[in-house]
Every structure is written in structure tokens, then in C-alpha cells.
Amino acid sequence: MEYPQYRQALAGQILPLAWLDLDALEQNMRDILHRAGDLPVRMVSKSLRSVAVIKRILAFSPRFQGVMCFHPAEAAYLCEQGLDDILVGYPCMQPNAIARACAQTKAGKQIVLMVDADAQLDVIALEAKKAGVIQPVCMDMDMSTAFPALYFGVRRSPINSVIKAIQLYRSVENHQHLRLEGVMGYEAQIAGIGDCVPGKHLQNCAIPMLKQLSIPKLTRRRGDIVAALTQAGARLRFVNGGGTGSLGSTITDPSVTEVAVGSGFYSPHLFDYYQAFQYRPAAGFALEVVRRPDAYYLTCAGGGYIASGGVGVEKLPRPHSPCGLLLDGNEGAGEVQTPLRGALGPLKVGDPVLFRHAKAGELCERFNELLLIRNGKAEGSVTTYRGDGHAFL
């Protein structure tokens with residue numbers, strides 16, 4: 001969508017605001033389904049953070065099945081909003097949050113909690129016993145690759161071998177109120193690292209090679225662990241894998257029964273730099289031009305919405321529309337004002353400038369609502385988690 005259409009849609013709106021382009025979102029949904037092959041797609045809530053958006057995606061196609069969320073209390077909240085089939089993608093040691101999830105299990109909802117250590121099992125088992133339920137859990141396996149002198153991946157789960165997986169499975173079996181229902185293997189270094197980033201020639205040469213070397217190792221590890229667990233007696237309902245950046249390789253693993261996707265729906269700017277795919281920018285925020293200090297600069301109100309993770313300029317938001325605007329290197333995205341330079345054109349005080357966040361769902365932690373835009377017209381708004389009064393982490 002071109003700038004005049006965005007400006008038309010934003011006319012009369014109170015800025016700053018967060019926007020969601022429905023045409024771009026729906027095209028991204030179609031592209032995600034195509035890249036996922038024949039597998040069902042579990043959407044990742046941390047990249048969406050809006051119940052209404054999650055429900056919209058689920059209604060788009062029957063192949064969008066279930067939600068991967070990031071906290072047991074969030075899982076319980078989603079169930080209270082009418083959703084079901086919730087996989088909590090990260091371990092938790094908070095008894096009160098786990099108790100809320102177990103209560104939803106008792107009410108007939110399908111919630112699966114993530115584990116990778118005995119201590120987590122002990123807490124979940126105690127709350128499941130109090131609730132009088134057998135609580136399903138999912139084993140998180142490590143999908144990193146240790147090359148000589150280089151660790152390629154993230155440091156999360158300790159389950160990186162068949163032996164460790166079987167040991168944890170036996171621990172699950174020793175708890176009367178737990179049942180192993182799934183396995184997750186998220187290849188973060190494949191899914192979340194771009195391989196055609198401007199100005200990073202060496203990285204762009206190294207990352208594809210490391211990914212090519214890593215994928216067969218990860219596929220073999222995941223398949224071996226799933227096979228060993230099955231042989232040991234585990235009745236796995238699902239094997240979850242993938243991410244926005246790794247769909248192409250994950251769907252070739254015969255042990256995987258479903259893929260998880262989050263960032264691809266909104267397509268934040270960190271996902272612009274992949275060789276294998278390109279999604280449409282579907283979400284961002286709009287700021288008001290409040291100053292024109294000279295012919296070469298303008299200043300917007302707000303904008304300091306910096307993404308989490310390792311510190312770097314790539315975590316700054318980026319001007320999206322109109323084209324040709326750049327952040328000022330000395331000030332960046334400011335706490336209450338953001339200067340821009342470049343092709344200012346006819347922009348004047350009071351006009352909107354649209355930005356994209358570096359990450360997907362973190363945008364929604366800054367705003368209570370998402371303005372829905374279709375073909376240059378506003379179609380109302382939906383609330384975010386924040387707008388509903390929730391901040392789970």
C-alpha cells in the first residue's frame with residue numbers, strides 16, 4: 001500500500017498508534033500455508049499478542065491449528081477467551097500460573113506445558129495433583145549445533161541427546177499426574193538469523209553454509225529422539241518444529257507433525273533479509289510529524305520502541321512510509337521524539353509517518369489497540385494483550 005492510502009486511513013486518528021494491514025496479513029497467511037507444505041501450522045502468540053488477531057488467523061484456514069504461547073497464565077487466559085489446543089512454548093516455575101493452566105485442563109481444555117528438567121516436572125506435578133488432573137507436558141529438545149570453536153544456536157534446553165531425552169521421559173513417567181504428549185525442537189539459528197543482510201558480506205557468506213551443515217545434524221537428532229521416545233513407550237500426539245525462517249527445511253523432516261510460525265504474519269523488518277522468502281510488511285506504528293527544524297530534517301513525536309535481544313542498530317524501528325526516510329544516527333528512535341532525514345518531500349507538521357518494529361509481537365506491548373486497515377480505509381480496531389490489561393512477562 002502506498003503512502004497516500006496510509007495517510008487516508010490514518011486521517012482523524014489519534015497518533016501514535018499501531019496499525020495492521022489486513023491485505024498484507026492475509027497474503028502472508030497464504031504464503032505461510034504454501035511454505036508449510038501439507039503440515040498444520042501452530043501460530044506463535046508472542047509474535048501476535050492480540051486475541052482478536054489470533055482468532056482471525058485461526059478462522060482463515062483449517063490448517064491453522066492451535067496456539068503456541070509463552071506463559072501458563074497466558075495459556076489460561078486464552079482458554080478463557082474461547083481458544084483451545086494451547087502449547088506453552090517455555091518452561092515456568094511459578095506455581096500460581098501453573099495452577100491456572102491445570103484448572104483449565106480440569107475444565108476440559110487442551111493445554112500442554114513445556115519441560116526440559118526434573119525441577120519443572122516436580123512443580124507441575126504438585127499443581128496437577130492439587131487440581132486432580134493428569135497434566136500433559138511437552139519435552140523441549142536442544143536444536144543447536146556445536147561446531148569446532150563455534151556454537152551455532154541458542155543456549156536453552158539441556159536435552160541434546162537420546163540418553164537425556166529418555167532420562168527425562170522416565171522422570172515424567174514417575175509422576176502419576178503427568179503425561180508426555182509432545183516434543184518440540186525449535187531450530188532458532190535456522191529460523192531467526194537472516195542470510196542476506198545489507199552491509200554484512202562475511203555473515204551472509206557464513207550463515208548459509210552454517211545452516212546447510214547444521215540442518216542434517218538437527219534433523220537426525222530430532223528423528224532419533226522421537227524414535228527413541230516412541231520405542232520407550234511414549235505416545236506422542238505431536239512433534240513441533242520450525243519457525244518463520246526455517247519452514248523450508250523443517251517440513252522435510254519426517255518426524256515433524258506440525259510447524260510453528262509467528263513473525264511471518266506481521267513481518268517485522270528483521271525478516272526482510274532472507275534468501276528463501278519475502279513476506280509483506282503487515283504491522284507497525286504511526287507517528288505524527290511535529291517539527292520541521294530545517295529543510296533536511298523533521299521530528300516525530302514518540303518512537304523509542306527498541307526490540308529486545310543482542311544490542312545493535314538492527315533492533316531500532318525503521319521508517320516504512322513514505323519511502324526514503326532515515327533515522328538520524330546521533331539520536332536514533334527517541335524516548336519522546338524521533339528525528340528523521342532523507343527524502344522529506346511534501347511532509348508537513350501534522351502528517352503521519354509509518355514505521356516497522358524490528359520484532360513482531362513487541363509492537364503490541366507499546367499499544368492498547370491495533371488499527372485495522374484494508375485498501376486504504378480504517379476498519380475499526382482490535383485490542384492487544386496490553387489493551388486487555390495483561391502483561392504476562
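## A charge over a ring

Start with Arg-155: its charged end sits over the ring of Tyr-151, 3.7 Å from the ring centre. For a charge to sit over a ring, NZ of Lys or CZ of Arg has to be within 6 Å of the ring centre and within 35 degrees of the ring normal.

A quick word on what you're looking at: this is a predicted model, in which local features need pLDDT of at least 70, side-chain atom pairs count only at pLDDT 80 or more, and totals for chains, interfaces and linings use all residues. Residues are numbered from 1 along each chain as its sequence is written, and side-chain values use heavy atoms, leaving out hydrogens and water.

## The barrel

Now for the strands. Eight of them close into a barrel with parallel pairing, in the order β2-β3-β4-β5-β6-β9-β10-β11. From one strand to the next, the twist averages 30 degrees. Strands β2 (residues 41-44) and β11 (residues 258-261) pair in the parallel sense over three bridges, and Arg-42 has Ala-260 as its bridge partner in β11. Strands here are DSSP runs of E with at least two residues, helices are runs of H or I with at least four, and both are numbered from the N terminus. Two strands pair if DSSP finds at least two bridges between them.

Helices pack on this sheet too. Helix α3 (residues 51-60) touches β2 and β3 (64-69), and its direction makes about 150 degrees with that of β3. Helix α6 (residues 118-131) touches β5 (111-115), β6 (135-140) and β9 (178-185), and its direction makes about 150 degrees with that of β5. Axes are lines fitted to C-alpha atoms, for helices over the stretch in contact, with angles running from 0 to 180 degrees between N-to-C directions. Contact means heavy atoms within 4.5 Å.

## Helix α1

Within helix α1 (residues 3-10), Tyr-3, Tyr-6, Ala-9 and Leu-10 are buried. They span an arc of only 125 degrees around the axis, which puts them on the same side of α1; the arc is taken from the directions from the helix axis to the C-beta atoms. Among the elements covering these buried residues are β1 (17-21), β12 (283-294) and β19 (377-383). Buried means under 20% relative accessible area, exposed over 50%, and partly exposed in between (1.4 Å probe, protein chains only).

After α1 comes Gly-12, with a positive phi near 80 degrees. Pro-16 is in the loop between α1 and β1, and the peptide bond from Leu-15 to Pro-16 is cis, with omega near 5 degrees.

## Aromatic pairs

The whole structure holds 12 aromatic pairs. Rings of Phe, Tyr and Trp (its six-membered ring) pair if their centres lie within 6.5 Å; planes under 30 degrees apart count as stacked, over 60 as edge-to-face and the rest as tilted. Phe-60 and Phe-64 are a tilted pair, because their centres are 6.5 Å apart and their planes at 45 degrees. Phe-60 is partly exposed at 31% relative accessible area, while Phe-64 is buried at 3%.

Tyr-305 and Phe-367 have ring centres 5.4 Å apart and planes at 80 degrees, so they are edge-to-face. Phe-70, Tyr-77, Tyr-385 and Phe-392 form one aromatic cluster.

Ser-267 and Asn-375 are not glycines, yet each has a positive phi: about 55 degrees for Ser-267 and about 50 degrees for Asn-375. Ser-267 is buried, with a relative accessible area of 0%, whereas Asn-375 is exposed at 56%.
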